[in-house]
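This briefing goes through one structure topic by topic, starting with its sheet and moving on to helices, core and loops. Please keep the sequence and the 3D view at hand while reading.

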Amino acid sequence: MKERYNIAIHIFTNDLRLEDNEAFAFACNHADTVLPVYMPPAHWNDQHPLGFPRVGTARKNWLEETLYDLQQNLIERGSNLLRMDTCDVETLRIWVQDYGISLITIADSFAQEEKDLIDSLRSLPAKVMTFETSCLLSVEDLPFAVQDLPLVFTTFRKQVEKNWTVRAPLHVPAIPPLPAIPALHFPVPGLKEETQERHPFSAFPFQGGERHALIHLRQYIFERKLIATYKETRNGLLGTEYSSKFSPWLATGAISARTIYAQVRRFEEAEGANASTYWLIFELLWRDYFKWLTARFGSRIFHASGLKEDANVTNNNPALFRKWMEGTTGQYFIDANMRELQQTGFMSNRGRQNAASYLVHDLQQDWRWGAAWFESRLIDYDVCSNYGNWLYVAGLGTDPRSDRYFNPEVQANRYDSDGAFRKLWLSEHSSTASVKS
Ligand SMILES: Cc1cc2nc3c(=O)[nH]c(=O)nc-3n(C[C@H](O)[C@H](O)[C@H](O)COP(=O)(O)OP(=O)(O)OC[C@H]3O[C@@H](n4cnc5c(N)ncnc54)[C@H](O)[C@@H]3O)c2cc1C
């Protein structure tokens with residue numbers, strides 16, 4: 001007989017969805033009452049030593065929209081979301097002790113700060129259960145142990161693709177009522193529907209939250225069939241259609257990689273597979289790869305020398321770095337991308353590769369400064385993808401080539417041949433390059 005719990009708490013972190021959420025589903029399926037709680041990371045309001053917030057305004061706004069959507073989704077199903085303002089394990093301790101909460105579920109994490117939270121939860125007198133909810137592949141379905149993860153992506157991909165099964169996404173579970181504990185009966189702070197204004201030129205004008213993610217998925221794959229030409233368009237710079245734009249929802253966990261995968265396969269069955277449908281899954285495998293890489297190497301992904309023995313020599317110059325941040329280096333292709341990031345919280349993959357390469361190889365600055373700035377700005381910030389890609393571009397990751405240099409002139413001529421992208425972001429209307437929170 002499966003074990004039953006009287007009261008469970010599910011702590012939402014980077015899994016802000018109801019569908020295909022094994023951790024939340026476990027609490028719902030095994031407890032008589034469930035209290036859904038959101039807890040921000042401990043570093044949420046920290047400052048970077050260079051003087052900018054670790055989490056900037058665009059990211060915070062994106063989270064607000066996502067939490068609002070999650071709360072509405074829960075309310076419609078007879079539940080609610082209790083939002084904590086800080087990462088406060090001591091309050092949880094009091095609840096566990098005073099109200100006899102016997103089960104805590106939370107999504108597992110690959111990164112150190114998030115793992116520290118899970119470790120501190122384990123000191124509470126309740127059963128703590130973690131579930132990996134972000135990857136395509138489960139650890140049990142990998143064809144190797146995490147410590148034997150191949151150090152080259154292509155080797156990883158080939159081994160995985162030999163014989164792989166991606167588990168089907170889970171349905172939204174039946175959600176048990178909230179615990180009948182008056183003190184926990186809030187009043188639940190109602191989250192405000194604050195749709196943030198979007199920059200008129202943003203390539204990402206979409207809204208946060210699971211329901212918006214699922215609408216976008218349907219439109220991208222089945223209604224507009226943009227998936228069918230993904231490979232040809234993915235290197236674009238302008239507009240909403242050049243790549244899937246799934247990343248900001250994936251980053252908050254508003255949608256799972258498996259849900260996307262399942263719909264791509266459905267599309268292939270209905271309309272036929274092609275190089276583009278394959279390539280989207282290929283990119284999702286990159287995302288998995290950086291997660292498993294973090295699982296294997298832990299905090300080394302934050303070290304100056306990354307996964308190599310020696311760090312590249314850098315010549316750190318805060319004034320030069322500031323020019324890069326603000327998009328005032330004088331190298332227009334880089335500046336246009338950096339202004340887009342500053343003003344919208346989004347940048348294309350092509351832009352990110354170029355901006356990172358320019359900082360590291362042309363300006364010879366510390367790659368970790370650049371990664372921290374992306375962390376502060378990107379609404380799709382994901383610790384594994386961000387630090388993994390920065391290491392890759394800096395030649396300090398697992399790339400078999402050590403010179404990932406992108407010549408910005410050549411790249412601009414190739415990907416912005418008519419100059420439309422540079423014109424858009426460098427024109428007076430679009431840019432006030434001041435860097436705020
Ligand atoms: C320096 C640098 C920093 C980056 N930081 C992040 C980050 O913080 N968060 C993030 O999600 N991606 C990051 N990326 C990867 C990539 O740029 C974005 O995932 C992509 O641009 C998001 O747009 P999209 O969803 O339209 O991508 P699409 O091209 O439509 O790709 C589909 C999905 O595949 C995954 N994906 C695609 N490319 C990569 C990649 N290179 N690495 C890992 N996953 C990938 C993403 O989940 C993406 O949503 C970074 C890349 C670079 C070069």
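**Sheet, helices, core and loops**

Five strands make up an open sheet with parallel pairing, and their order across the sheet is β3-β2-β1-β4-β5. Because β3 (82-83) and β5 (127-131) stand at the edges and each has a single partner strand, one side of each is left without a neighbour in the sheet. The coordinates come from a predicted model, and the points below should be read with that in mind.

**Sheet and the helix across it**
- Strand β4, which covers residues 103-107, runs parallel to β5 and is joined to β5 by five bridges.
- Within this pair of strands, Leu103 has Lys127 of β5 standing opposite.
- Helix α1 (residues 22-30) lies across β1 (5-12), β2 (31-38), β4 and β5, and α1 runs at about 160° to β4.

**Packing of α6 and α9**
- Helix α6, residues 210-223, and helix α9, residues 257-271, have axes that come within 10 Å and cross at roughly 20°; since angles under 35 degrees count as roughly parallel, α6 is roughly parallel to α9.
- The crossing in which α6 passes α9 is right-handed.
- On the α6 side the residues that meet the other helix are Leu217, Ile221 and Phe222, while α9 contributes Ile260, Gln263, Val264 and Phe267.

**Nonpolar core**
- The largest nonpolar core comprises 110 residues, and Ala8, Ile255 and Trp390 are those with the most contacts inside it.
- When residues up to four places away in sequence are not counted, Trp390 touches Ala356, Trp367, Gly370 and Ala371.

**Two loop residues**
- Thr165 sits in the loop between α5 (153-162) and α6, and Thr165 is exposed because 8 other C-beta atoms lie within 10 Å, where 12 or fewer is the cut-off for that class.
- Thr165 and Ile175 are ten residues apart along the chain, and their C-alpha atoms are separated by 28 Å.
- Met347 is placed in the loop between α12 (332-344) and α13 (349-362), yet Met347 is buried, since 25 other C-beta atoms lie within 10 Å and the cut-off for burial is 20 or more.
- Leaving aside neighbours within four places in sequence, Met347 is in contact with Asn337, Glu340, Leu341 and Arg352.
- Between Met347 and Pro41, which are 306 residues apart along the chain, the separation of the C-alpha atoms is 24 Å.

Definitions and conventions:
Residues are numbered from 1 along each chain as its sequence is written. This is a predicted model: local features need pLDDT of at least 70, side-chain atom pairs count only at pLDDT 80 or more; totals for chains, interfaces and linings use all residues. A nonpolar core is a set of buried Ala, Val, Leu, Ile, Met, Phe, Trp, Tyr and Cys residues joined through C-beta atoms within 7 Å. Two residues are in contact if their C-beta atoms, placed from the backbone, lie within 7 Å. Two strands pair if DSSP finds at least two bridges between them. Helices (H or I, at least four residues) and strands (E, at least two) are DSSP runs, numbered from the N terminus. Axes are lines fitted to C-alpha atoms, for helices over the stretch in contact, and angles run from 0 to 180 degrees between N-to-C directions. Angles under 35 degrees count as roughly parallel, over 145 as roughly antiparallel, 65 to 115 as roughly perpendicular and the rest as oblique. A crossing is left-handed if the near helix is turned anticlockwise from the far one by less than a right angle, and right-handed if clockwise.
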